[in-house]
Amino acid sequence: MFIYTSPSMGGATATVAYVNAGGSDAAASYMDFAVAISPDAIEGLTLGFANSDNTINDGANRDQDETTMYATYAMGAFTVGVQSSDLDDTTANSDQESIAYGITYAVNDDFSVGYSYHELEFESGASLSDQESTGVSASFTSGGMTLAGAMNEVENMGGTAATDREGYEFTLSFAF
């Protein structure tokens, strides 16, 4: 595997990766590139774009092309982010599109809360329902102790209608 990450040039960084795994049952070849930009002129803004191209040896020798782009912006106590992704697969009815966004608010130096949403759309011929996920989280830090929790919900998991899940997580960690 070859990976190269460029030095920052005016707030922009580029990354390129390549794998040639000919003869394996996994990807025969894989190449991706990504660009992230944090312009000096707009403090708190980060923009990114990435693309990958996979050739998969699974008997059908299929190709996948995936792109994603995102933006985050931090201003004061708020940070917002949005990401859009698209997966094109040569296998019929296997394409996917997703959109996600989130917002966090730092109430003070010790306490923050956040909300996130993600929707995954499957190609219409696949007879799958759109998957929707939501989450709420909070974190409190005092000295070397952090108390955090999250509540997450997924509807139509994996595109299967009425396959809904909920999850809760609470953590207490100490730094010595």
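Contact means heavy atoms within 4.5 Å. The structure is a predicted model, in which local features need pLDDT of at least 70, side-chain atom pairs count only at pLDDT 80 or more, and totals for chains, interfaces and linings use all residues. Residues are numbered from 1 along each chain as its sequence is written, and side-chain values use heavy atoms, with hydrogens and water left out.

The chain has 0 helices and 11 strands. Helices (H or I, at least four residues) and strands (E, at least two) are DSSP runs, numbered from the N terminus. The C-alpha atoms fill a box of roughly 55 × 50 × 35 Å along the principal axes. The radius of gyration, taken over C-alpha atoms, is 20 Å. A compact globule of 176 residues would have a value near 16 Å, by the rule of 2.2 Å times the number of residues to the power 0.38.

Buried residues make up 18% of the 176 residues. Buried means under 20% relative accessible area, exposed over 50%, and partly exposed in between (1.4 Å probe, protein chains only). Among contacts between residues at least 6 apart in sequence, 29% join residues at least 24 apart.

Two residues were examined individually. S6 sits in the loop between strand 1 (2–5) and strand 2 (12–20). S6 counts as buried because its relative accessibility is 10%. Beyond its neighbours within four places in sequence, S6 contacts T13 and A14.

E155 belongs to strand 10 (residues 145–155). E155 is partly exposed, at 34% relative accessible area. Not counting residues up to four places away in sequence, E155 touches D130, Q131, E132, T163 and D164.
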